[in-house]
Amino acid sequence: MMMLVFVLITSCEQEPVISYGFNSPITENSRGLAVADISKTIDLIYLNGYIRLNEGEVELSLTNPKGATLFTRKVTGPGELIINETFTASPGYWKLKYNSIEGIGNIDLHINR
């Protein structure tokens with residue numbers, strides 16, 4: 001009986017999330033918001049990935065827990081933006097947003113710790 005309880009408890013443990021972001025198509029008026037809860041034990045966070053547009057525009061921003069925008073870009077299609085950025089982490093909720101303005105393409109962009 002104890003073995004069954006042990007198996008149930010350990011099999012329900014989940015891996016902590018270490019990546020927040022997007023891996024999806026971009027459509028004409030799509031929007032995205034990913035919120036990363038960064039703990040006190042993290043020194044750096046990484047913003048990695050790409051946006052590929054066939055047409056239109058996409059606006060992108062990363063905001064720290066204090067509300068300061070640390071990263072913004074506007075991508076115009078046809079075009080591609082590859083992102084490899086590092087930021088000093090502060091504990092709290094980081095927000096990664098994108099807003100499509102008649103954009104058609106793909107986004108694969110994540111905040112990693």
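**Close-up views of a predicted model**

View 1. Threonine 63 is part of strand E3, which covers residues 44–63. Beyond its neighbours within four places in sequence, threonine 63 has contacts with Ala68, Thr69, Tyr93, Trp94 and Lys95.

**View 2. The hairpin of E3 and E4.** Strand E4 spans residues 69–76 and pairs with E3 in the antiparallel sense, with seven bridges between the two strands. Five residues separate E3 from E4 in this hairpin. In the turn, glycine 67 has a positive phi of about 95 degrees. Two of the bridge partners are named here. Glutamate 59 is partnered by lysine 74 in E4, and leucine 62 by phenylalanine 71 in E4.

**View 3. E3 alongside E5 and E6.** Strand E5, residues 79–88, is paired with E3 over ten bridges in the antiparallel sense. Within this pairing, asparagine 48 has asparagine 84 of E5 as its bridge partner. Strand E6, residues 92–112, also pairs with E3 in the antiparallel sense, here over 16 bridges. Opposite leucine 53 stands glycine 105 of E6.

**View 4. Glutamate 55 in strand E3.** Glutamate 55 lies in E3 and, with a relative accessibility of 45%, counts as partly exposed. Not counting residues up to four places away in sequence, glutamate 55 touches Gly77, Glu102, Gly103 and Ile104. The C-alpha atoms of glutamate 55 and glutamate 102 are 7.4 Å apart in space, while the two residues are 47 apart in sequence.

**View 5. The aromatic pair of phenylalanine 22 and tyrosine 98.** Two aromatic pairs are counted in the model. In the pair shown here, the ring centres of phenylalanine 22 and tyrosine 98 are 5.0 Å apart and the planes stand at 85 degrees, so the arrangement is edge-to-face. Phenylalanine 22 belongs to strand E1, residues 19–26, and tyrosine 98 to strand E6, so the pair ties together parts 76 residues apart in sequence. Phenylalanine 22 and tyrosine 98 are both buried.

**View 6. The aromatic pair of phenylalanine 71 and phenylalanine 87.** The centres of the rings of phenylalanine 71 and phenylalanine 87 lie 6.5 Å apart, with the planes at 75 degrees; this pair is therefore edge-to-face, since planes over 60 degrees apart count as such. The pair links distant parts of the chain, with phenylalanine 71 in strand E4 and phenylalanine 87 in strand E5, 16 residues apart. Both residues, phenylalanine 71 and phenylalanine 87, are buried. Phenylalanine 71 is also the bridge partner of leucine 62, as in View 2.

View 7. Leucine 33 lies in strand E2, residues 31–38. With 52% relative accessibility, leucine 33 counts as exposed, because the cut-off for that class is over 50%.

Note on methods: Residues are numbered from 1 along each chain as its sequence is written. This is a predicted model: local features need pLDDT of at least 70, side-chain atom pairs count only at pLDDT 80 or more; totals for chains, interfaces and linings use all residues. Side-chain values use heavy atoms; hydrogens and water are left out. Two strands pair if DSSP finds at least two bridges between them. Helices (H or I, at least four residues) and strands (E, at least two) are DSSP runs, numbered from the N terminus. Contact means heavy atoms within 4.5 Å. Buried means under 20% relative accessible area, exposed over 50%, partly exposed in between (1.4 Å probe, protein chains only). Rings of Phe, Tyr and Trp (its six-membered ring) pair if their centres lie within 6.5 Å; planes under 30 degrees apart count as stacked, over 60 as edge-to-face and the rest as tilted.
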